[in-house]
Amino acid sequence: MGNFKVAEHFVSINGEGRKAGELAFFIRFAGCNLDCAWCDTKWANTPGTPVTLMDIPQLCRAAQQSAVKNITLTGGEPLLQENITGLIKALAAQGHSLEIETNGSVLLPLDLDCDVSFTMDYKLPSSAMQDKMCLENFSRLREKDTVKFVCADHSDLECASQIIKQYSLTDVCKVYFSPVFGVTDPKDIVDHMIKNDLDGVRLQLQLHKFIWDPDQRGV
């Protein structure tokens, strides 16, 4: 049912999140409902982005041919794709473990009884998209999910800390701070974590940007 707008698909390592360093088959969908100031995949979000239309059987075959268990659905914003839940269930039925990278503005689906986890962003002030966040998602998070805060400056760190405490996020799921690559000094994040007793929060660096050119696609 329906065709998915696929900007690219490839095998690489997970550059961030709980499975950082593990191989994964990535499916990147085109199109996003946000326009974050520091987005590193803007090329996939513009109306003229070249796409390949692929249906569920085609994507399932591509995933099987990759011979990789982990699958990461990313974008753009994957939850905007029509019948994305159908694709998730079909891939999981093949024995894959799925991670969905989502921007935090779209309601997380609850009708997924399969091996899938969400890595959900919460957009901070520097992104200029904080007012687009779907706060209901905080009540839908599970232990196997992750909330990621991409921080550009001290104001972002203060805001993230407030959200973490307001929703007791470290008691619910994994929580990560991620510096804007080339902008934020990771040491500043560590200092903030120490000063604010952010026990249970993790600093993550985007591994793929240290291994390859930060602007390289397909990695």
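Me: Which elements each supply at least two residues of the lining of the largest pocket?
Reply: In this predicted model, β1 (4–13), β2 (23–29), β5 (97–102), β6, β7, β8 (174–179) and α5 (207–211) each do so. The largest share, 3 residues, comes from β1.

Me: What is the volume of the largest pocket, and which lining residues are closest to its centre?
Reply: The volume is about 900 Å³. Of the 43 lining residues, Glu16, Arg28, Asp40, Thr41 and Gln206 are the closest to the centre.

Me: How many residues of each class does the lining of the largest pocket have?
Reply: There are 15 nonpolar, 15 polar and 13 charged residues in the lining.

Me: Why is Asn137 called buried?
Reply: Buried means under 20% relative accessible area. Asn137 has 0%, so the term applies. Asn137 is placed in the loop between β6 (116–121) and β7 (146–151). Beyond its neighbours within four places in sequence, Asn137 contacts Gly104, Val106, Leu107, Leu108 and Met120.

Me: Why is Lys5 called partly exposed?
Reply: The term covers values between the buried limit of under 20% and the exposed limit of over 50%. The relative accessible area of Lys5 is 48%, and therefore Lys5 counts as partly exposed. Lys5 is in strand β1. With neighbours within four places in sequence set aside, its contacts are Arg28, Phe29, Ala30, Val51, Thr52, Leu53 and Gln81.

Me: How far apart are Lys5 and Ile211 in sequence and in space?
Reply: They are separated by 206 residues in sequence and by 28 Å in space, C-alpha to C-alpha.

Me: What describes two packed helices?
Reply: The angle between their axes and the distance between the axes. For helix α3 (residues 154–166) and helix α4 (residues 186–195), the axes come within 11 Å and cross at roughly 40°. The crossing of α3 past α4 is right-handed.

Me: Which residues make the contact of α3 with α4?
Reply: His154, Leu157, Glu158 and Ser161 of α3 meet Asp188, Ile189 and His192 of α4. By class, this contact has 2 nonpolar, 3 polar and 2 charged residues.

Me: Which residues of helix α2 (residues 84–93) are buried, and what do they pack against?
Reply: Ile84, Leu87, Ile88, Ala90, Leu91 and Ala92 are the buried ones. Their packing partners are β1, β2, α1 (56–66), β4 (70–74), β5 and β6.

Me: Which residue just after α2 takes a positive phi?
Reply: Gly95, with a phi of about 100°.

Methods: Residues numbered from 1 in each chain as written. Predicted model: local features only at pLDDT ≥ 70, side-chain atom pairs only at ≥ 80, totals over all residues. Heavy atoms only, no water. Helix = DSSP H or I, 4+ residues; strand = E, 2+ residues; numbered from the N terminus. Buried < 20%, exposed > 50% of the residue type's maximum accessible area, 1.4 Å probe, protein only. Contact = heavy atoms within 4.5 Å. Axes fitted to C-alpha atoms, helices over the stretch in contact; angles between N-to-C directions. Left-handed = near helix turned anticlockwise from the far one by under 90°. Nonpolar A, V, L, I, M, F, W, Y, C, P; charged D, E, K, R; others polar. 1 Å grid on protein atoms, 1.4 Å probe; cavity = no way out; pocket = protein on both sides within 12 Å on 5 of 7 lines; lining within 4 Å. Points joined across faces, edges and corners; volume = space filled by probe spheres on them.
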